Amino acid sequence: MNRGRGFKTFLNGVIFLIVGLCILVPGCIAKLSSETTKNDFNYMASSEFAKGKYVNGEVCFVMDYFEEEETTRDGKSSITGRTYLIPVAFDEETEKYLGVFVPASKFDDFDEITTATFDYLFDETGEVEEMAAIPEIQISGKLKAYESDEMGYLYEYMEWYLGTTSQSECDNYIIPYFVDYKASGTSGVQILLGGIFTGIGLIILIVFAIAALGGRRKDDDVVSYNNSYGNDGYGNMNTPDTNNSTDNYTYNDNQYNNENTTFEDNEDSRFK
């Protein structure tokens, strides 16, 4: 294998392997953590919520969304995510609200629960005795802290919902973290992409190793051939075969001289 090409092949394999592992390992950790966590947000105390902790649980009530994520691609804008509020942590006689970032594919499910929640909680007719049948949604994900602008939107919504203009009063109802439900859904994609890149890297490195070993064996065969047939590797014949060759030429020279001598004797006898 050409050394320059071999080095490029090896380098490409290492790059694919590193990139693959960088994607695969976090994806596996996120998937394992989200599926094995025992932190059910419906039964956690408000003090147990912390940035970076994985939580899961069933979404039973939804108090609408207060923020939307807009993505622009090829000049076209679309809503790709929303942050909904769900009631949790009834441990301090004041319910607190946890944000859940939801991808566009789950908007309809969360909107349906929102409608059922408001119909049940704010019914003025007295006719709604229980919540309508709603889809069961089990979610899991990592808790993340709000950015400053996100907190501003949250305060605006809570002031409207609570009928107050006091942020300190709103703080009594807010958990300053949200579940990144979108991230928990992408862990499978991470695992898939990481596995593909890692597999490509391993295949390249295996092919490189096979080619390198094959080239080394070829070189060894050439050296063995040269040693067997008297080539020193530079096009020169080794000396051990020279003796045999010299003996043969010496014998032939003697035989040739004898024949000449015999011919000359015959000529001499003919003229005598």
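Q: Why is aspartate 180 called buried?
A: Aspartate 180 has a relative accessible area of 8%, and buried means under 20%, with exposed over 50% and partly exposed in between (1.4 Å probe, protein chains only). Aspartate 180 therefore counts as buried. This is a predicted model, in which local features need pLDDT of at least 70 and side-chain atom pairs count only at pLDDT 80 or more, while totals for chains, interfaces and linings use all residues. Residues are numbered from 1 along each chain as its sequence is written, and side-chain values use heavy atoms, with hydrogens and water left out.

Q: What makes lysine 144 and aspartate 180 a salt bridge?
A: The definition asks for a side-chain nitrogen of Lys or Arg within 4 Å of a carboxyl oxygen of Asp or Glu. The closest N and O atoms of lysine 144 and aspartate 180 are 2.7 Å apart, and the pair forms a salt bridge. Lysine 144 lies in strand 5 (residues 137–145) and aspartate 180 in strand 6 (residues 174–180), so the pair ties together parts 36 residues apart in sequence. Strands (E, at least two residues) and helices (H or I, at least four) are DSSP runs, numbered from the N terminus.

Q: Why is lysine 144 called partly exposed?
A: The relative accessibility of lysine 144 is 33%, so this residue counts as partly exposed.

Q: How do you know that arginine 82 and aspartate 111 meet in a salt bridge?
A: Their side chains come to 3.3 Å, N to O. Arginine 82 lies in strand 3 and aspartate 111 in helix 2 (residues 107–121), so this pair ties together parts that are 29 residues apart in sequence. Arginine 82 is buried, at 14% relative accessible area, whereas aspartate 111 is partly exposed at 27%.

Q: What makes glutamate 68 and arginine 82 a salt bridge?
A: The closest N and O atoms of this pair are 3.1 Å apart. Glutamate 68 is in strand 2 (residues 65–73) and arginine 82 in strand 3 (residues 76–88), 14 residues apart. Glutamate 68 is partly exposed, with a relative accessible area of 36%.

Q: How many salt bridges does the rule give?
A: The count comes to three.

Q: What is the span of helix 2 against the expected value?
A: The expected span is 1.5 Å times one less than the number of residues. Helix 2 has 15 residues and reaches 21 Å from its first C-alpha to its last, close to the expected 21 Å.
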